[in-house]
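Please inspect the display before reading the notes.

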Amino acid sequence: MLWKLCTRPGVTVSPDATAEEAARAMRTKNVGAVVVVRDGRPAGILTDRDVAIGVVGHARNPALVKVGEVMRKNPTVIQEDAGILDAARLLGKKGVRRLPVVNTRGELTGIISLDDILVLLTSEMAHIGSTLSQEMRRPTP
């Protein structure tokens, strides 16, 4: 279940926040993206790359640009009761690195990233490798 693995709560901003405010939130929370929420529901995603390329790269003033102008609208979301494999498939199918996690009412409850899944899978693979080595009576490298 994703609600156990996702980052909760996700870091959020409103569409009326400035790109500068969003970048500060990313820096403060040490994340690469913020979920843009409207009435508690994901309306978009803004990444550090969006700010760097879409704002600074176009010589726009981050203190004046509203998040709603540069966010990626209508993000693909996933239900909090979905499984990790569902999230991995959806990330691959949509070609995105992050999915807002929502409840049955469509309200944001967290965010899951490709990095979160890779960390989990790496940990699980290490555990499996250790178990197999013990069963085969071989030392773990």
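The notes below cover conventions, the helix and the strand pairing.

The model is predicted: local features require pLDDT of at least 70, side-chain atom pairs count only at pLDDT 80 or more, and totals for chains, interfaces and linings use all residues. Residues are numbered from 1 along each chain as its sequence is written, and side-chain values use heavy atoms, with hydrogens and water left out. Helices (H or I, at least four residues) and strands (E, at least two) are DSSP runs, numbered from the N terminus.

**Helix H2**
- In H2 (residues 19-29), Ala 19, Ala 22, Ala 25 and Met 26 are the buried residues, where buried means under 20% relative accessible area, exposed over 50% and partly exposed in between (1.4 Å probe, protein chains only).
- Viewed down the axis of H2, these buried residues lie within an arc of 120°, so they line one face of the helix; the arc is taken from the directions from the helix axis to the C-beta atoms.
- Exposed Arg 27 and Thr 28 sit on the face of H2 turned away from its buried side.
- Asn 30, which follows H2, has a positive phi near 55°.

**Strand pairing**
- E1 and E2 run parallel and are joined by two bridges; strands pair if DSSP finds at least two bridges between them.
- Thr 12 stands opposite Val 35 in E2.
- E2 and E3 pair in the antiparallel sense over six bridges, and Val 34 has Leu 46 in E3 as its bridge partner.
- Five of the six residues of E2 are buried.
- Two residues lie between the strands in the hairpin of E2 and E3, where Asp 39 has a positive phi near 55°.
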